[in-house]
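The following note sets out some points on the model for a reader new to structural work. Each point may be checked against the sequence and the structure as displayed.

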Amino acid sequence: MNIPVRRFDTLILGAGGGGLRAALQLARADAHVAVVSKVFPTRSHTVAAQGGVNAALANVTPDNWHWHMYDTVKGSDYLGDQDAIEYMCRAAAHLVYELEHAGVPFSRLESGRIYQRPFGGQSREFGGAQATRTCAAADRTGHAILHTLYQQNIRARTHFFDECFAIDLIHDDDGTVLGVLTMDIATGEPLVIEAKTTLIATGGCGQLYRTTTNAHINTGDGMAMALRAGIPLQDMEFFQFHPTGIAGKGMLITEGARGEGGYLVNKDGERFMERYAPNVKDLASRDVVSRAISIEVREGRGCGPNADHVMLKLDHLGSDIVAKRLPGIRDTCKTFMHLDPVDTPIPVFPTAHYAMGGIPTDRFGRVVMPSGDSPEEVVPGLYAAGECACVSVHGANRLGGNSLLDILVFGRAAANDILGFLKNNRYHRPPNQDCIDKAYERFARWEKRGDGESVQAVRADLKKAMEDHCGVFRTEKIMQEGIDVIKAIRARIPDVRLQDQSKVFNTARVEALELENLADIAIATMRSAEARQESRGAHSRIDYPDRDDVHWMKHSLYTLEDDTLDYKPVRTKPLSVETFPPKKRVY
Amino acid sequence: MSGTTCQPGLERLRWQCRRGLLELDLLFEAFLDKRYSSLSDADKETFNQFLEQQDQTLQEWLLGKTAPEDEAMARMVKLIRDAI
């Protein structure tokens with residue numbers, strides 16, 4: 001098979017905020033940059049980040065990066081790496097001003113300064129009064145950032161491969177990563193893109209779960225590529241859930257609904273949060289509410305024909321309050337459920353939102369993995385940034401407003417390191433033909449004809465299995481069963497066949513490749529979660545309800561080839577300040 | 001942006017309907033499955049133009065937060081909402 005080849009200095013997989021921030025830095029430094037995106041770039045999931053980006057600008061309340069750092073370390077439940085967190089919080093203000101200069105239309109205070117809003121988990125003076133730290137461009141911050149970065153990249157002549165699907169990484173005999181094999185979705189034809197450096201910025205993998213806030217594109221393609229290249233995934237057991245998504249669909253019903261007086265009931269009409277949090281009831285923290293909903297459903301008190309959700313009641317609030325204070329929720333319910341929450345309760349279930357885990361990197365965006373005695377040996381030529389990466393600034397739990405910051409800071413950091421790498425690596429190296437053949441085989445395998453299962457059936461079973469066995473309700477028994485279920489589902493994939501063998505925009509083929517990616521990430525997530533015998537941040541176990549710093553203050557590393565787990569220490573030493581030692585996390 | 005002058009195939013459209021927001025994925029998927037094939041050629045062309053809009057704008061239109069000024073776009077909003 002003679003596959004056409006294109007060559008660039010740097011290849012970036014993914015055109016969300018992280019990929020585009022890196023691309024801009026590189027293109028402006030005259031590197032020859034290509035961005036591969038499976039959808040048109042401004043349709044990346046960064047548009048969904050509406051809240052804003054954290055930076056201690058002190059425009060509304062006194063603030064400084066060190067307080068932001070404290071909040072991030074505490075929010076991470078002490079699993080975040082403190083060197084990376086210090087680096088991120090210190091860089092934040094500069095990155096926001098840079099975006100402002102690039103044209104992001106931040107909302108303004110009366111004084112003319114950038115508008116900032118308060119968000120959960122933000123404090124002054126290391127755990128004191130609420131801080132006001134999140135810089136916002138109305139309710140479209142992610143959208144504004146993505147569009148601005150895209151336009152700047154067009155200006156800087158970044159080369160875009162739109163609607164192009166990356167299949168697998170390619171490397172040379174020494175393990176230096178040298179690009180990817182891709183498929184042009186419009187033609188179905190393969191293309192090798194060779195590059196001296198490759199940055200994975202493919203975003204999250206919420207499509208692992210049946211109920212998720214994530215768009216359909218979020219199938220963790222880059223994470224799975226790393227796994228198949230022999231790189232472990234880090235901390236995959238930490239997945240952030242929102243307690244109230246629309247059941248079976250996933251769209252978020254904001255916590256504001258309960259803030260305004262809405263409450264949850266089970267099939268008996270019982271206001272069950274009174275049992276789980278007698279004082280604050282429905283206003284308990286996200287993880288407590290999520291777990292309570294799961295327990296109600298597991299114990300047979302769920303609503304609906306499948307008894308698989310609970311109800312959020314707003315009908316007692318009156319139409320004025322709902323219309324005035326919760327218009328977005330009303331629009332969402334009317335559109336998707338054909339119900340008006342003014343007179344009908346909303347079916348809800350915890351919805352998967354954000355993966356804290358991902359491809360292990362250092363604070364320069366370089367992908368690192370254990371090798372010999374070193375837990376963090378650099379994989380030459382390979383970088384990762386954003387939700388697909390685990391740097392790790394979010395640790396066991398991400399704070400609102402820190403995900404946009406993460407992509408900007410580490411997109412830029414990776415680009416800076418890449419520029420250094422390019423100076424020392426001026427020439428293209430020849431890739432190993434075996435690895436190209438292997439990637440091509442995975443691509444061509446979907447041309448097999450005959451009868452077999454459908455991609456949709458296997459994907460639906462996978463998502464349901466993850467929801468049932470690796471959602472918010474976790475015990476040893478449930479997760480051990482889950483490992484068997486996921487393994488059985490993975491074993492069905494070789495028998496899946498595509499009925500449509502056409503080449504042009506064959507969506508089914510893309511979905512088949514995505515299914516393989518999700519299946520690889522699913523086993524990484526399930527195995528990491530089953531092994532971690534403690535509750536920390538978003539990983540909450542009924543059978544191990546407490547955090548265990550003695551045994552578990554360490555990062556998980558799951559390797560696909562031999563289905564094994566390894567661990568490495570948390571980097572507790574910041575760059576210039578004192579360590580924040582673990583403390584009980586109370587708000 | 002990909003060219004949109006000719007009548008595109010359904011498969012190409014299906015990929016254009018993959019968006020950055022879950023709400024749009026669900027709305028467009030239902031519309032393509034249930035309604036698209038019975039549209040007039042003129043409406044199919046309008047849908048094609050509709051997909052060229054930005055995700056945030058589409059979400060605001062389709063969830064009823066704002067309404068498009070263009071009549072054809074407003075009609076398309078109604079057709080898509082009716083299909084889910």
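**Notes on the predicted model**

1. The contact between the two chains draws 31 residues from chain B and 37 residues from chain A. Because the structure is a predicted model, this point and those that follow describe computed values. Together, chain B and chain A bury about 2,900 Å², and 54% of that area lies on carbon and sulfur atoms.

2. Four salt bridges are found across the interface of chain B and chain A. B:Arg18 and A:Glu511 form a salt bridge, with their closest N and O atoms 3.8 Å apart.

3. Over all chains, the whole structure holds 55 salt bridges. In chain A, the side chains of A:Asp221 and A:Lys38 meet in a salt bridge, at 2.8 Å from N to O. The two residues belong to distant parts of the chain, 183 residues apart: A:Asp221 is in helix α5 (residues 221-228) of chain A, and A:Lys38 is in the loop between β2 (33-37) and β3 (53-54) of chain A.

4. How do helices α1 and α4 of chain A cross? The axes of helix α1 (residues 17-28) and helix α4 (residues 141-155), both of chain A, come within 9 Å and cross at roughly 30 degrees. α1(A) is therefore roughly parallel to α4(A), since angles under 35 degrees are counted in that class. The crossing of α1(A) past α4(A) is left-handed.

5. Which residues bring these two helices together? On the side of α1(A) they are A:Gly17, A:Leu20, A:Arg21, A:Ala23, A:Leu24 and A:Arg28, and these meet A:Leu146, A:Leu149, A:Tyr150, A:Gln152 and A:Asn153 in α4(A). Sorted by class, the contact of α1(A) with α4(A) comprises six nonpolar, three polar and two charged residues.

6. Helix α12 (residues 433-444) and helix α15 (residues 507-531), both of chain A, have axes that come within 10 Å and cross at roughly 120 degrees. α12(A) is therefore oblique to α15(A). A:Arg442, A:Phe443 and A:Ala444 of α12(A) make the contact with A:Arg509, A:Leu513, A:Glu516 and A:Asn517 of α15(A). Three of the residues in the contact of α12(A) with α15(A) are nonpolar, one is polar and three are charged.

7. Two features of the backbone deserve attention, because most residues other than glycine have a negative phi, and most peptide bonds are trans. The peptide bond from A:Val391 to A:Ser392 is cis, with omega near -5 degrees. A:Ser392 is located in the loop between β18 (389-390) and α11 (402-424) of chain A. A:Asp77, although not a glycine, has a positive phi of about 55 degrees. A:Asp77 is situated in the loop between α2 (65-75) and α3 (82-102) of chain A.

Key
Residues numbered from 1 in each chain as written. Chains lettered and ligands numbered in written order. Predicted model: local features only at pLDDT ≥ 70, side-chain atom pairs only at ≥ 80, totals over all residues. Heavy atoms only, no water. Axes fitted to C-alpha atoms, helices over the stretch in contact; angles between N-to-C directions. Helix = DSSP H or I, 4+ residues; strand = E, 2+ residues; numbered from the N terminus. Parallel < 35°, antiparallel > 145°, perpendicular 65-115°, else oblique. Left-handed = near helix turned anticlockwise from the far one by under 90°. Contact = heavy atoms within 4.5 Å. Nonpolar A, V, L, I, M, F, W, Y, C, P; charged D, E, K, R; others polar. Buried area = accessible area lost by both parts, 1.4 Å probe.
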